[in-house]
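Q: I would like to learn how to read strands and charge pairs in a model. Please show me the structure, then take me through it.

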Amino acid sequence: MRVHRAFAALLALGTPALAQDSQQQARAIAGEPVAAPQRLTLTDLPEPTGKRTALFDGRSLDGWTAWLGYADPAITYQANPGATPIGTSRDTKGDFAVREIDGAPAIWVKGETWGSLVHRADLRDYHLRLEFKWGARTFAPRETLPRNNGLLYHTHGAPGEVFGTWRPSSEFEIMTGSTGMIVAVGGKLRGRTTVSFDPTLIAPHLRYRAGGREIDIVNGTPTWNVEAATDAERPVGEWNTLDLYVVGDRAVHVVNGVPVAQVRDLATIAPDGTRVPLTHGQIQLQSEGAETWFRGITVEPIKALPRVVVGD
């Protein structure tokens with residue numbers, strides 16, 4: 001999920017002054033653009049400290065709970081949408097199901113109505129792996145935009161708390177060209193990372209860079225997301241492997257074996273304004289405008305994160 005997509009599209013499509021302002025903000029936050037991209041590799045993979053557990057049994061959606069947002073997804077990001085989320089008031093078999101593809105069962109996400117599948121397990125200190133691939137269909141209001149979904153982790157709070165559609169979380173973005181991006185889902189979610197200014201990106205023009213400028217990711221501000229270091233996704237129609245390593249309030253995002261982002265100091269903002277470390281929670285698989293397949297969803301306990309190394 002990329003929050004404020006409408007604003008980003010406005011910047012990109014026809015408001016040069018606003019686009020320039022957003023680039024000036026990004027330059028002030030991250031410094032001058034970096035000429036050469038980084039080649040990142042993953043080392044010191046942690047040994048599991050317990051058995052691997054499957055979160056998808058290959059037969060059913062046991063353990064998963066569906067929630068649907070608005071009947072018209074186009075109103076999702078409006079301040080006052082004037083409608084009630086669908087929630088759990090209808091049968092969701094036409095939105096989420098177990099179906100066979102490529103000779104094996106997978107979780108099918110239609111994508112037409114936005115929402116999510118939330119797994120019941122409260123996870124901490126783990127390595128999660130899953131495979132995903134895009135289906136053929138995309139839906140309004142994103143039918144001509146990059147395919148979009150997401151793996152949301154450290155999920156907490158109430159169903160539909162964020163835009164009537166999702167629960168507060170840190171996001172491992174799944175979107176063509178941006179898989180692995182870090183997004184803060186919810187206004188009280190925080191996470192620190194390091195970035196560079198990349199003027200080739202739409203707003204907020206920030207890309208993950210090891211050793212770059214440190215920022216706090218805050219929804220609704222010029223640091224509301226951070227693009228993956230590189231596009232490591234395979235072509236549409238092929239399976240991709242995502243690895244999410246989480247220890248306490250830190251995480252590493254890996255796409256097809258390539259580390260693409262790191263985040264630390266994940267936290268929520270308490271009612272008194274203090275920062276409370278976010279160290280555990282559930283996971284969500286999003287539905288956000290694109291047919292998507294998921295399989296091989298497993299989790300195993302770990303006590304340390306792998307190391308991300310900058311190559312030549």
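A: Helices (H or I, at least four residues) and strands (E, at least two) are DSSP runs, numbered from the N terminus. Two strands pair if DSSP finds at least two bridges between them. The model is predicted: local features need pLDDT of at least 70, side-chain atom pairs count only at pLDDT 80 or more, and totals for chains, interfaces and linings use all residues. Residues are numbered from 1 along each chain as its sequence is written, and side-chain values use heavy atoms, with hydrogens and water left out.

Q: How many residues lie between β16 and β17 in their hairpin?
A: Two residues separate β16 and β17 there. In the turn, Asn256 has a positive phi of about 50 degrees. The strands, β16 covering residues 250-255, run antiparallel and are joined by five bridges. Ala251 faces Val263 of β17 across this pairing.

Q: Which residue has a positive phi in the turn between β17 and β18?
A: Gly273, with a phi of about 90 degrees. This hairpin has five residues between its strands. Three bridges connect β17 with β18 (residues 275-277), again in antiparallel fashion. Ala267 stands opposite Pro277.

Q: Which residue in β17 is the bridge partner of Arg190?
A: Ala267 is that partner. β11 and β17 run antiparallel, with three bridges between them.

Q: Now the charges. What can side chains of opposite charge do when their charged atoms come close?
A: They can pair. The test for a salt bridge is a side-chain nitrogen of Lys or Arg within 4 Å of a carboxyl oxygen of Asp or Glu. By this rule the count is 14.

Q: Which residues form salt bridges with Asp265?
A: Arg192 is one, with the closest N and O atoms 3.1 Å apart. That pair links distant parts of the chain: Asp265 sits in β17 (residues 258-269) and Arg192 in β11 (residues 189-197), 73 residues apart. Arg264 also meets Asp265, at 2.3 Å from N to O. Shared partners join Arg192, Glu214, Arg264 and Asp265 into one network.

Q: How is exposure read for such residues?
A: By relative accessible area: buried is under 20%, exposed over 50%, partly exposed in between (1.4 Å probe, protein chains only). Arg192 is at 26%, so it counts as partly exposed. Arg264, at 34%, is also partly exposed.

Q: Is Arg59 buried or exposed?
A: Exposed, because its relative accessibility is 66%. Arg59 forms a salt bridge with Asp57, with 3.7 Å between the closest N and O atoms. Asp57 is at 30%, so it counts as partly exposed.
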